[in-house]
Amino acid sequence: MAAFALPALAASLALSALAAPLFSVGLAPIDDAAMSAKERSAKECASCHPNQAAEWRHSRHGAAFTNAIFQREYKEEPLDWCVHCHAPLKSQFAEVKRGGGPLADEGVNCAVCHVRAGQILARRKNPTSPHNTQVLPDFGSASFCAGCHQFNFPLFGADGQVNGYSAFPMQNTVAQFRSGPHQNGRCADCHGRSPFGHAFPGAHDANMLRSALRYSLCRQGGAVRVTLHNEGAGHNVPTGDVHRHIQVRLWRSSSPERLYEYSLTRRYQPVAGGGKRTVLDTTLPSGATRILSVPLAQLGSAGPATEPLNFELRYVYTIDEFPFHRNQLQEPTYESFARARLLPDQMAQCATTDADRTVLSP
Ligand code: HEC
Ligand code: HEC
Ligand code: HEC
Ligand code: HEC
Ligand code: HEC
């Protein structure tokens with residue numbers, strides 16, 4: 001481990017009940033030599049755990065290797081590193097090297113999280129369990145999720161492969177959680193609410209997106225004020241993958257060319273010595289509020305007083321919201337999760353208490 005600068009959060013997992021860390025945070029595949037071929041595949045587990053398996057199959061964990069957004073990027077940058085998180089078992093990696101196969105296609109499967117060295121890992125052992133279960137109090141905790149959900153920009157070896165990490169965060173979800181108002185809770189408080197706890201809904205779930213951000217619009221003189229509040233996420237919105245961003249849009253149908261846009265997004269710049277520094281971060285921390293003030297005149301004055309304004313919040317998964325023809329994907333690149341049409345003259349007047357909050361102009 002000394003050779004790698006593992007992110008502190010992942011390294012801390014090694015200090016808990018476990019002898020060795022469960023996850024290498026992408027630096028190596030999970031050694032599954034001690035697992036039988038059956039134990040490695042979700043098919044075996046599904047025979048006795050059909051409910052967990054059904055939820056998992058439709059989750060992003062179940063689609064971590066096969067989904068079109070991942071596959072498009074992986075084709076552009078086919079690093080072993082990607083596979084170690086998106087299809088982490090050593091046997092999956094071997095399959096990928098042979099051109100792919102059904103085990104790799106299972107992505108982050110049951111064995112990745114639950115099976116090590118002939119044992120089932122879990123937070124508790126049920127009385128009816130047939131397994132040789134190792135009970136880990138930390139199983140499913142934020143440190144556990146950090147094994148894949150918290151890492152820095154990578155460093156590259158002479159062979160062009162990733163061999164360590166820089167000091168600059170790339171996916172910062174768990175650190176954001178740990179410094180936010182939900183730090184004493186669990187990721188599962190929000191991501192484990194499906195009936196069998198394995199759907200792990202996130203940004204690909206419109207209801208999750210709606211529960212994350214509360215918005216309101218009000219009128220202040222000649223301007224419209226948009227207030228966004230991160231009410232329902234235990235980390236920034238958006239978080240995770242670097243390309244994800246949210247577009248806030250306001251426009252009149254009669255003058256779409258005057259479209260107002262604001263992005264909750266991040267920008268990075270390469271650093272000498274490796275990695276990339278975050279030079280802009282307008283993502284909204286847990287519990288935080290952002291106020292945007294948009295002069296109505298900026299949206300075009302042509303429309304009659306009876307013309308409503310269009311408002312939209314759109315979560316974009318990819319760097320390109322509208323892919324060029326040859327880059328087109330088999331799944332949506334965005335989710336438009338909030339829309340409204342409002343007459344400026346009928347909007348509520350803004351409360352004066354908003355005045356002491358940060359007001360951002362475009
Ligand atoms: C022959 C049936 C059977 C198979 C196959 C099976 N399980 Fe289980 N498992 C059970 C039963 C029964 C329990 C007790 C709790 C329950 O009914 O859900 C259990 C419990 C568990 C638990 C909770 C911890 C415990 O020991 O109570 C986990 C985690 C688990 N199984 C994971 C897996 C995984 C991963 C696989 C595939 C590698 C798998 N199981 C395959 C029957 C099975
Ligand atoms: C991303 C990691 C992850 C994956 C993948 C995963 N699980 Fe789990 N599993 C968890 C977590 C977290 C819990 C809840 C632990 C707790 O009690 O807080 C859990 C709990 C369980 C339990 C115990 C339920 C109980 O009531 O005791 C079973 C059974 C189980 N998983 C089976 C499966 C099966 C089968 C698959 C594959 C189809 C699977 N898991 C895939 C993380 C995962
Ligand atoms: C072995 C690595 C691994 C572990 C452990 C893991 N995840 Fe994931 N998770 C992933 C990957 C990879 C994806 C992205 C899948 C994709 O390509 O869409 C993902 C996706 C997700 C998503 C969906 C995000 C979205 O909107 O697209 C959520 C939510 C999530 N994970 C939560 C958790 C939580 C909570 C835990 C801990 C209980 C956890 N994960 C543990 C690898 C992991
Ligand atoms: C208080 C509820 C809450 C807690 C706690 C929480 N999340 Fe989330 N999470 C959400 C909501 C709501 C979304 C959807 C909004 C979004 O995607 O930003 C989300 C989205 C995500 C996504 C999708 C990625 C993205 O870019 O938006 C990932 C990955 C994720 N969460 C992982 C985690 C992990 C890991 C933890 C624990 C360290 C955690 N979450 C704790 C509510 C929560
Ligand atoms: C250390 C673990 C790790 C490594 C290494 C890694 N990823 Fe991921 N990746 C994740 C996690 C966790 C998520 C989920 C975060 C989110 O939902 O925003 C994710 C999400 C993604 C997504 C978004 C998928 C979606 O459903 O929208 C893409 C695309 C992606 N990764 C591509 C890659 C590529 C390409 C590589 C290699 C160049 C790579 N990843 C390396 C952990 C990793």
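Which residue in E2 stands opposite Arg116?

Analyst: Arg116 stands opposite Gln119 in E2. Before going further, note that this is a predicted model, in which local features need pLDDT of at least 70 and side-chain atom pairs count only at pLDDT 80 or more, while totals for chains, interfaces and linings use all residues. Residues are numbered from 1 along each chain as its sequence is written, and chains are lettered from A and ligands numbered from 1 in the order in which they are written.

The pairing of E1 with E2 is antiparallel and consists of 2 bridges. Strands here are DSSP runs of E with at least two residues, helices are runs of H or I with at least four, and both are numbered from the N terminus. Two strands pair if DSSP finds at least two bridges between them. E1 and E2 belong to an open sheet of 3 strands, ordered E1-E2-E3, with mixed pairing. Strand E1 (115-116) and strand E3 (133-135) are at the edges with a single partner strand each, so one side of each has no neighbour in the sheet.

Ligand 1 is surrounded by 19 residues, and the closest are Cys45, Cys48, Asn126, Ser129 and Thr133. A residue is near a molecule if its C-beta atom, placed from the backbone, lies within 6 Å of it. Strand E2 (119-122) is one of the elements that give two or more residues to this shell, along with helix H3 (42-48) and helix H8 (110-114). H3 supplies the largest share, 4 residues. By class, the shell around ligand 1 holds 8 nonpolar, 8 polar and 3 charged residues. In this scheme Ala, Val, Leu, Ile, Met, Phe, Trp, Tyr, Cys and Pro are nonpolar, Asp, Glu, Lys and Arg are charged, and the others, Gly among them, are polar.

H8 leads on to another ligand. Around ligand 3 there are 25 residues, with Cys145, Cys148, Cys187, Gly202 and Ala203 the closest. Two or more residues of that shell come from each of helix H6 (80-86), H8 and H9, and the largest share, 5 residues, is from H9. The shell around ligand 3 has 15 nonpolar, 9 polar and 1 charged residues.

In helix H7 (residues 90-97), the buried residues are Ser91, Gln92, Phe93 and Val96. A residue is buried if 20 or more other C-beta atoms lie within 10 Å of its own, exposed if 12 or fewer, and partly exposed in between, with C-beta atoms placed from the backbone. Their cover includes helix H2 (37-40) and H6. After H7 comes Gly99, which has a positive phi near 110°.

H9 takes the view to ligand 4. Cys187, Cys190, Ala203, Gly234 and Gly240 come nearest among the 27 residues around ligand 4. At least two residues of its shell come from each of helix H9 (142-149), helix H10 (173-178), helix H11 (188-191) and helix H12 (206-212). H12 contributes the most, 4 residues. Both domain 1 (8-191) and domain 2 (206-360) give residues to this shell, so ligand 4 lies between them. The domain bounds come from an automatic or database domain assignment.

The C-alpha centres of domain 1 and domain 2 are 32 Å apart. Their contact takes 21 residues from domain 1 and 22 residues from domain 2, where contact means C-beta atoms, placed from the backbone, within 7 Å. On the side of domain 1 that touches domain 2, helix H5 (68-76), E4, E5 and H10 give two or more residues each, and E5 gives the most, with 6 residues. That side has 10 nonpolar, 10 polar and 1 charged residues.

E4 and E5 also pair with each other. Strand E4 (residues 150-156) runs antiparallel to strand E5 (residues 162-172) over 6 bridges, and Asn152 is opposite Pro169 in E5. They form a hairpin with 5 residues between them, where Gly160 in the turn has a positive phi of about 85°.

Finally, the whole chain. It has 12 helices and 15 strands. Its radius of gyration, taken over C-alpha atoms, is 23 Å, close to the 21 Å that the globule rule gives for 362 residues, so the chain is as compact as a globular protein of that length. The rule is 2.2 Å times the number of residues to the power 0.38. Buried residues make up 32% of the 362 residues.

Key. Contact = placed C-beta atoms within 7 Å.
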